[in-house]
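Me: I would like to learn how to read a structure like this one, step by step. Could we look at it together?

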Amino acid sequence: MKASAQLATEEIILNMGPQHPSTHGVYRAVLTLDGETVVGVQNVLGYLHRGLEKLAEDRTYTQFIPYTDRLDYLAAMLNNLGYVQAVEKLMDIQVPERAEYLRVIMAELSRIASHYVMVASMALDLSGWTAWFPPFRDREKILDLFEMACGSRLTLSYMRIGGVAADIPPEFVPALQRFLQELPRGLEEINGLATGNEIFQARCRGVGKIDLETALAYGLTGPNLRACGLPFDLRKVRPYGIYDRFEFEVPTLDNGDAYDRFVIRLLEIEQSAKIIAQALRDLPEGPVLAKVPRVIKPPEGEVYHQIEGAKGILGFYVVSDGSPKPYRLHIHSPSFVNLGAFPVMAAGGTVQDAVATLASIDIVLGEVDR
Amino acid sequence: MFGQGLLRGLQITWHLAFGKAITEEYPERRPSLPPRSHGSFVLEGDKCRGCGVCANACPNHVISIDTRRGEDKKRHLAKFTMKLGQCLFCGLCVENCPSDALHFKPDFELACYRFEDTIHVLFEDKAGAPEQVADEE
């Protein structure tokens, strides 16, 4: 027996984060390494905790809308939507048709913007510098559209309880149509720069694999679950708002690895664009805000409402005691749940695989820590 | 063939490198922002009645309003202050203003060196001392 084989080896602990470019925010992963191989991961969270749920108890129902922007700040419209629909469910408010269509358009634009950031940052994490630019260039167009409609680019606060804050300006529709026209060309560029690139594929094919059973056991939702082969999308299986009126597919892939989680985002962007085109075609005229009382005072009771966020199922649990402020608000955030499966996905790979895996899960720390 | 994807990527990079520039050289070139843009606030002092609806709508206690009684016994605005350091720029104040006095303007350059400069006085009537205070509370 050779001398080297008899040497006792030890595992080492490596701290990744909280300040690390590939953790996409202030998140710390304590990696246990056996040589280059990751044998254990411990998630350490809470660096971005702002106590949003507690803050809600001291704000009126309307005043909490700007705070929902700061959950998943890459898809603020979807957070707005989930929250206002929860309160509307509690108060039984009928939202005007035009507002419903505008909400769908904005929500899907937000989903596209969020997926663009995931695609870009994952490429960047794998040193694909050029592939960073086309998604961010196209996301910029979406942010411009948002700015046109509601004045802000990132923290939008566009939705209101009973509708939306303002009608879209006349120049919005042509700009949106132009964006939808240019979208396939942008996707083609991303596919050429990242998806079809052999180095990129070598870095993420078969990396961070998770099978459907484990994914379900860990409660994965959204694109991460659909990349394991289950066509589960709340917009289809339990439509909220007016999603049952649109025709779209729920793309799925089978491998459940980092590559599939990347590709599924690109496929979902196409489907979202399809929904926006239909909503734009059917967009009715009319008011954009229902007649709601100036002071929102839901009746005593509780409600739980879920929507399909950009990262998975986003739920809002609101308890009302009949006063103008929520008695309790709880946010079920998809990133938090998805991050729980990271130790399973990362185990067995190398450190650079862990980076690819974390990027493919697409977490936003604003939502993880709340 | 292995490497085909790489070549395709290089081709796209080549086109992007010689394509039209998509970034703007700030501050030499200024962006033309849409009129709704949440850049900064402007108050029409003659329209504002000092009712304090905006201060109550604000989620973060940004606005404080001082009013005084005029000779006609009506309430007049004396001072309108915004602590922009804690402003979320959500627009709930602008939206709730009943007399349409508070607006956004796209002028976004608010950076300053000292914290005191983040407190903006949008209106001040130096004629009389404030008598009644309608604060955010």
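Me: Which residue is the bridge partner of Val30(A) in S5(A)?

Reply: Strands of a sheet pair through backbone hydrogen bonds, either parallel or antiparallel. Here the bridge partner of Val30(A) in S5(A) is Gln42(A), where strands are DSSP runs (E, at least two residues) and helices are DSSP runs too (H or I, at least four), both numbered from the N terminus. Please keep in mind that this is a predicted model, in which local features need pLDDT of at least 70 and side-chain atom pairs count only at pLDDT 80 or more, while totals for chains, interfaces and linings use all residues. Residues are numbered from 1 along each chain as its sequence is written, and chains are lettered from A in the order in which they are written.

Me: How many bridges join strand S4 of chain A to S5(A)?

Reply: Seven bridges join S4(A), residues 28-34, to S5(A), and the two run antiparallel; strands count as paired if DSSP finds at least two bridges between them. Both belong to an open sheet of three strands in the order S1-S4-S5, whose edge strands, S1(A) (12-16) and S5(A) (37-44), each pair on one side only.
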